[in-house]
Amino acid sequence: MITDPIADYLTRIRNAVKANHRVVEIPASNLKKGITKILFDKGYILNYKFEDDKIPGIIKIALKYHPVTKIPAINEIQRVSRPGLRRYCSSQDLPRVLNGLGIAIISTSKGLITDKEARKLSVGGEVICYVS
C-alpha cells in the first residue's frame, strides 16, 4: 500500500523523464486523472490514455520532448502538500512558479485548477504540486 499516491505519481513521471522514456504507466485515481488532464492542457505531456478495464485502472502518459534537442517539457515536478503537512493558500497568497512560467496545481472547491485560473476565480485551496 502506498501512503502518498500523488507523490508516487509525480515520482514516476520524474523518473521516466530522467530516463528519457516515451511512455509511463501509473495506477489511476480521480485526482491523478485530473492532474493528468491539466498537464496535457498546459502542454507538459504529449498525450494520455485512461484504461479502466482492470480494477485499479491505469493511466498511460506519453511524455513530451523537443524534437531536435530531446529536452523534456517537464524540467521539474515537485510535491508541495503532503499527508504529514498540508499546504493551503488563500486566493491572495497563491504561489507563482518561476514568475508565472510554471504552474501550481491547486485543489479547490471548483475542482483541480492551476494557480492562474484560481486567481481569476479568486478561490484558494490545497497546493498539490509545482510543475515547470
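User: Over how many bridges do β2 and strand β3 pair?

Analyst: The model is a predicted one, in which local features need pLDDT of at least 70 and side-chain atom pairs count only at pLDDT 80 or more, whereas totals for chains, interfaces and linings use all residues. Residues are numbered from 1 along each chain as its sequence is written, and side-chain values use heavy atoms, with hydrogens and water left out. Helices (H or I, at least four residues) and strands (E, at least two) are DSSP runs numbered from the N terminus, and two strands pair if DSSP finds at least two bridges between them. In β3 (residues 58–63), isoleucine 59 stands opposite phenylalanine 50, and the antiparallel pairing of β2 with β3 runs over six bridges.

User: In what order do the strands of the open sheet of three lie?

Analyst: The edge strands are β1 (23–27) and β2 (45–51), each of which pairs on one side only. Pairing in this open sheet is antiparallel, and the order is β1-β3-β2.

User: What angle does the direction of α2 make with that of β2?

Analyst: Angles run from 0 to 180 degrees between N-to-C directions, with axes fitted to C-alpha atoms, for helices over the stretch in contact. Helix α2 packs on the sheet and touches β1, β2 and β3, contact meaning heavy atoms within 4.5 Å. The direction of α2 makes an angle with that of β2 of about 150°.

User: Is α1 parallel, perpendicular or oblique to α2?

Analyst: Helix α1 (residues 5–18) and helix α2 (residues 30–41) pack at about 40°, with their axes 10 Å apart. Angles under 35 degrees count as roughly parallel, over 145 as roughly antiparallel, 65 to 115 as roughly perpendicular and the rest as oblique. The angle therefore makes α1, relative to α2, oblique.

User: How many residues of strand β8 are buried?

Analyst: Buried means under 20% relative accessible area, exposed over 50% and partly exposed in between, with a 1.4 Å probe and protein chains only. Strand β8 (residues 125–131) is mostly covered, and of its seven residues the number buried is six.

User: Which residue in β8 is the bridge partner of isoleucine 105?

Analyst: Strand β6 (residues 103–108) pairs with β8 in the antiparallel sense over five bridges. Within that strand β8, the bridge partner of isoleucine 105 is cysteine 129.

User: Is serine 132 buried or exposed?

Analyst: Serine 132 lies in the segment after β8, and its contacts beyond neighbours within four places in sequence include Tyr44, Val97 and Leu98. Because its relative accessibility is 14%, serine 132 counts as buried.
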